[in-house]
Amino acid sequence: MTISAFLAGLEGRRGPARPVRVELAPLPPEKVEQLSTEVLGAVPGPGIRSLLTGCAGNPLLIVEMLASLRDAGLVERHGDEI
C-alpha cells in the first residue's frame with residue numbers, strides 16, 4: 001500500500017478516531033539557526049550554515065544531520081561558532 005492510498009483511506013473515516021492531516025511549513029532561517037545552536041551548543045558557522053541550506057527548513061533533517069556530524073566528531077568549535 002502506498003502512502004497516498006493509506007492517507008486516502010483515512011480521509012473517509014468518521015468519529016472520534018478520525019485522523020487530522022497537518023501540513024507543516026519549513027522553518028524560517030532564524031528558527032533554523034536557533035535549532036542548530038541548541039543542537040550544537042554554539043552558533044553554526046558558514047560551513048554548517050551551507051549544509052543547513054540543503055535541509056530546506058525540515059527540522060527532522062536538521063537535527064539528524066547535525067547530531068550525526070557532532071557524534072562523528074566532524075564539528076569543531078572556533079570561538080563562538082561551530
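The buried residues of helix 4 pack against helix 2 (29-40) and helix 3 (46-53), where helices are DSSP runs of H or I with at least four residues, numbered from the N terminus. The model is a predicted one, in which local features need pLDDT of at least 70, side-chain atom pairs count only at pLDDT 80 or more, and totals for chains, interfaces and linings use all residues. Residues are numbered from 1 along each chain as its sequence is written, and side-chain values use heavy atoms, with hydrogens and water left out.

Helix 4 covers residues 59-71, 13 residues in total. From its first C-alpha to its last, helix 4 reaches 18 Å, close to the 18 Å expected at 1.5 Å a residue; the expected span is 1.5 Å times one less than the number of residues. Ile62, Met65, Leu66, Ala67 and Leu69 are the buried residues named for helix 4. Buried denotes a relative accessible area under 20%, exposed one over 50%, and partly exposed a value in between, computed with a 1.4 Å probe and protein chains only.

Both ends of helix 4 carry local features. At its start, a side-chain oxygen of Asn58 comes to within 2.9 Å of the backbone nitrogen of Leu60. This is a polar contact in the sense of a pair of N or O atoms within 3.5 Å; within protein, one atom must be able to donate a hydrogen and the other to accept it, and residues adjacent in sequence count only if both atoms are side-chain atoms. Just after helix 4, Gly73 adopts a positive phi of about 75°. Asp71 forms a salt bridge with Arg70, with the closest N and O atoms 3.2 Å apart. A salt bridge requires a side-chain nitrogen of Lys or Arg within 4 Å of a carboxyl oxygen of Asp or Glu, and by this rule the count is 1. Asp71 is exposed at a relative accessible area of 60%, whereas Arg70 is partly exposed at 35%.

Ser36 is located in helix 2. Its relative accessible area is 0%, so Ser36 is classed as buried. With neighbours within four places in sequence set aside, Ser36 is in contact (heavy atoms within 4.5 Å) with Gly41, Ala42, Pro44, Leu52, Ile62 and Leu66. Of these, Ile62 and Leu66 are among the buried residues of helix 4.

Gly41 and Ala42 are both placed in the loop between helix 2 and helix 3. Ala42 is buried, at a relative accessible area of 3%, while Gly41 is partly exposed, at 48%. Under the same exclusion of residues up to four places away, Gly41 touches Ser36 and Arg77. The contacts of Ala42 beyond four places in sequence are Ser36, Thr37, Arg77, Asp80, Glu81 and Ile82. Gly41 and Pro28 lie 13 residues apart in sequence, and their C-alpha atoms are 20 Å apart in space. Ala42 and Gly57 are 15 residues apart along the chain, with a C-alpha separation of 19 Å.

Ala25 sits in the loop between helix 1 (3-11) and helix 2. With a relative accessible area of 64%, Ala25 is exposed. Val22 is found in the loop between helix 1 and helix 2 and counts as exposed at 62% relative accessibility. Together with Val20 and Leu24, Val22 forms a nonpolar patch on the surface, with about 380 Å² of accessible area in all. Such patches are made of residues with over 30% relative accessible area and no salt bridge; nonpolar side chains (Val, Leu, Ile, Met, Phe, Trp, Tyr) are joined within 5 Å, and like charges within 9 Å. Accessible areas come from the Shrake-Rupley method with a 1.4 Å probe, and for residues only the protein chains shown count as cover.

Ala56 lies in the loop between helix 3 and helix 4. Its phi is near 55°, a positive value in a residue other than glycine. Most residues other than glycine have a negative phi. Ala56 is exposed, with a relative accessible area of 55%.

In helix 1, Gly9 is partly exposed at 48% relative accessibility. Gly9 and Leu52 are 43 residues apart in sequence and 35 Å apart in space, C-alpha to C-alpha.

Methods:
Helices (H or I, at least four residues) and strands (E, at least two) are DSSP runs, numbered from the N terminus.
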